[in-house]
Amino acid sequence: MPQNIFVIVGEKTPAQREEMDKILYNKFDKKGISELPVAKFEGRIFVVNTTEEAAKAVDFLLTHSILGIDTETRPSFKKGRIHEVALLQVSTHEICFLFRLNLIGMCAPVIRLLEDTTIPKIGLSLHDDLFMLHRRGDFTPGHFIDLQKHVGEVGVEDLSLQKLYANFFHQKISKSARLSNWEADILSDKQKVYAATDAWACIMIYEELCRLEETGEYQLLIKPEEEVPVAEHQPTA
C-alpha cells in the first residue's frame, strides 16, 4: 500500500476485511483510468423517433423498479450558442430507450415519465439535465436521485461518471462520443452505445453504493492533497 494513503475501515477482523471488502478511493486517480478494461451497456437499445413509440416506451419503463437517466446535447463550437437538449436516454438493467427530443419534443409521454413520482430515476448532475429539459418544455420533476449528492456518504469525492464507475467497479466508460452530433439524421452505433451506457451506469453505481452502505463491506483509501511547492523567492513589487 502506498505510504501516503490512510485507510478507514469498519469493525472487522483483518481476515474479514481482506476477504470481503471493496477498495474505494476518496479521489480516483484519473491517470489510471486509461488502463482499465472498458465497460459498456450490453443490452438492447431502442431509438424513439415518434410520439407513438414514446408512449409504448414509457408504458414499459414505468413497470420497472429503478431507471437510469441522462441527456445529450449537440455540442456548440461558437461562443454564446447553446443548442437544446437532443436526446433523453432512459435505461433499465437490460433495455435502454433513446428519446430523440429534437424530433418528438417534450411530448406527453415524455412528460409523464419525467413527472412520475413512484419510480426512482438515477442520474448524475441532474440539476443540469433538468435545466436543459425545462428549456424544451414545462414539467414538474418526479422522483429523481442524483448520484453526486450521495456518493459522499461513503467518503467518495469524485463527481464525474467516468471516475465514479472506475472507482466502484475498476472499469472504464469511454467518453469518445460525447462531442458528436446528437442531432444527426441517424445516430451511429457508437453514439447509441455511449448514450445507453451512461444511463445504465447510473443504476449500477447507485445499487452498488446502496449495497456498500448496507453491508459496510468497503475500505476507503484517502489520498492526501498534493502539496503546492512554495516559491523560494517572492517577487518584488
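Q: What is the handedness of the crossing of H2 and H4?
A: In this predicted model, the crossing of H2 and H4 is left-handed. A crossing takes that name if the near helix is turned anticlockwise from the far one by less than a right angle.

Q: Why is H2 called roughly parallel to H4?
A: The axes of H2 (residues 51-61) and H4 (residues 108-115) cross at roughly 25 degrees and come within 8 Å. Angles under 35 degrees count as roughly parallel, and therefore H2 is roughly parallel to H4.

Q: What makes H6 oblique to H7?
A: H6 and H7 pack at an angle of about 45 degrees, and their axes are 10 Å apart. Roughly parallel requires an angle under 35 degrees, and roughly perpendicular covers 65 to 115. The angle of H6 and H7 therefore makes the pair oblique. As for handedness, H6 passes H7 in a left-handed crossing.

Q: How do you know that the span of H7 agrees with its 27 residues?
A: At 1.5 Å a residue, taken over one less than the number of residues, H7 should span 39 Å. The end C-alpha atoms of H7 are 38 Å apart, which agrees. Just after H7, Gly216 takes a positive phi of about 70 degrees.

Q: What makes the phi of Ser125 and of His170 worth noting?
A: Most residues other than glycine have a negative phi. Ser125 has a positive phi, near 55 degrees, and is a residue other than glycine. His170 likewise has a positive phi near 55 degrees and is not glycine.

Q: Where are Ser125 and His170 placed?
A: Ser125 is in the loop between strand S7 (121-123) and H5. His170 is in the loop between H6 and H7.

Q: Which residues are closest to the centre of the largest pocket?
A: The largest pocket has a volume of about 680 Å³. Of the 28 residues that line it, Asp70, Thr71, Glu72, Arg178 and Tyr194 are the closest to its centre.

Q: Which elements each supply at least two residues of the lining of the largest pocket?
A: They are strand S4 (67-73), helix H5 (126-136), helix H6 (161-169) and helix H7 (189-215). S4 gives the most, with 5 residues.

Methods:
Residues numbered from 1 in each chain as written. Predicted model: local features only at pLDDT ≥ 70, side-chain atom pairs only at ≥ 80, totals over all residues. Heavy atoms only, no water. 1 Å grid on protein atoms, 1.4 Å probe; cavity = no way out; pocket = protein on both sides within 12 Å on 5 of 7 lines; lining within 4 Å. Points joined across faces, edges and corners; volume = space filled by probe spheres on them. Helix = DSSP H or I, 4+ residues; strand = E, 2+ residues; numbered from the N terminus. Axes fitted to C-alpha atoms, helices over the stretch in contact; angles between N-to-C directions. Parallel < 35°, antiparallel > 145°, perpendicular 65-115°, else oblique.
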